[in-house]
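Student: I have a model open and want to learn to read its features. Where do we start?

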Amino acid sequence: MANSFLSGTPVRILIAGLSILCAGSTAAMAAGAGAPHLEGATLGLIWVAPFAGILLSIAIFPLVAPHFWHSHFGKISAFWALAFLIPFTAIKGYELALFELLHVGFLEYLPFIILLLSLFTVAGGVRVTGKLRGTPVVNTVILLIGTLIASWMGTTGAAMLLIRPILRANEWRKNKVHVVVFFIFLVANIGGSLTPLGDPPLFLGFLKGVEFFWPTTHMLVPMLLVSSILLVVFFILDSFLYRREAASEAPVEEEVDDGTPQEKLGLDGKINILLLGGVVAAVLMSGIWKPGISFTIFHVDVELQNISRDVLLLAIAGLSLLVTSKDNREANGFSWFPIVEVAKLFAAIFVTIVPAIAMLKAGTDGAMGAIVSSVSTEAGEPVNVMYFWATGILSSFLDNAPTYLVFFNTAGGDPINLMGADSNTLLAISAGAVFMGANTYIGNAPNFMVRAIAEERGIAMPSFFGYMGWSCLFLMPIFVLVSFIFF
């Protein structure tokens, strides 16, 4: 996710949902005075059934009924959202349901999807011209560049900027699934470790008082270890597959030269690079500028700096569409389907995830108390290796931003102490949230978008569980090594 989130009649809930579409939002968590409160300690695990339902739908439907899923994933998402909202409204009451729906909409979902929309639109206007040949060296260099820039323009920005060039470079290759999988590992996740701009959990830490360059100095060595191992493993794997393709009886050839003049290697739509900088500046502004002005909508405080950020992001996306030629986007293979898919699926995820986050916030009193209690000894001392794995595993399936925040507060919530005496605990929480977002397609939003773009290009990407097989094979051993070295 952040890194880094919801009771009345169904008609009222629908009206509340529609009102979300017309409003601005904020990344802050504050609610107005007297707001209804969801007490996580009162919720049983049955409340996470709709969340499990949307996850299983994402995992199973594309395998057993791909055409049905492609046509109806929005309806399936709405079904699971209502499967939570209707009984929640009936049992907990209209006011609490309306508050939670507005809260998750204004403060989490809208900022999330507006940021993704702006990055998707702007990065989709940058086209690498000329012909890159997807050799192991070229592919590894692209992954390295993406890993290096992800902390400074966000994992989503870096992923959307480079996924199309690397796919075009490998169009002639027979084996390319592994290229996309390692791209998700490195560019869409691990590369965002070094600044609050890189991944939402680190941005939440920045808002809570963690210094901007704290992740740069403390996450650098773990990030270099993980990314270096992955890049070396990728190069070996890609070289093996490349040689096997070359030696096969029916190799997939590169393009045949038909005498058509070839484009020179370069960039088209360079103005969008500046606009990407504007996106980063808008996000950073919302974390620094604190005018103290907010607007309250049914107890939900929507702060001015965040409204301003979202308006700026939408304006930047619109400007990108105006200044980038339609031909350039068509040549870049740009379409709206990936962002539409993410918007619909994650709307259901953000709604159905509400009880799970509430249970975690309830600490040891909640249904997930065993997880929270596992990160500390009986004497109250932090168990950093458990902070790493608990934050990481939950971040793989829940949104990594609120998961980070839950364990940040479990560790005391004092940024001065967490940057000082308990810096290793903060490192464990930060590394778990960022690194393990790569474990599943839903662990971080760009994972899903990269997969959707690859499938649009005809690449048969692994299923939900198939992708987890890749992450278990290549990522989990590295994370065990990280545990032994750092925690």
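Predicted model: local features only at pLDDT ≥ 70, side-chain atom pairs only at ≥ 80, totals over all residues.

Student: Which helices each supply at least two residues of the nonpolar patch?

Tutor: Two are named: α5 (136–153) and α10 (220–247). Phe 235 belongs to α10.

Student: Is Phe 235 buried, partly exposed or exposed?

Tutor: Take the relative accessibility and compare it with the cut-offs. Buried means under 20%, and exposed means over 50%. Phe 235 has 35%, so Phe 235 counts as partly exposed.

Student: How do I read helix α4 (residues 94–123)?

Tutor: Helix α4 has 30 residues. From first C-alpha to last, α4 reaches 41 Å, close to the 44 Å expected at 1.5 Å a residue. Yet α4 has a kink of about 40 degrees, centred on Gly 105.

Student: Why is α4 described as largely enclosed by the rest of the structure?

Tutor: Because 26 of its 30 residues are buried.

Student: And the strands? How do β3 and β4 run, and how many bridges join them?

Tutor: First, the general idea. In a regular strand, side chains alternate between the two faces of the sheet. Now the case here. Strands β3 (residues 294–297) and β4 (residues 300–303) run antiparallel, joined by 4 bridges. Ile 297 stands opposite Val 300 in β4.

Student: What phi does Phe 298 take in the hairpin?

Tutor: A positive one, near 45 degrees. The hairpin of β3 and β4 has 2 residues between the strands.

Definitions and conventions:
Residues numbered from 1 in each chain as written. Heavy atoms only, no water. Buried < 20%, exposed > 50% of the residue type's maximum accessible area, 1.4 Å probe, protein only. Pairing = 2+ DSSP bridges. Expected span 1.5 Å × (residues − 1). Bend = angle between axes of the 7 residues up to and from the residue.
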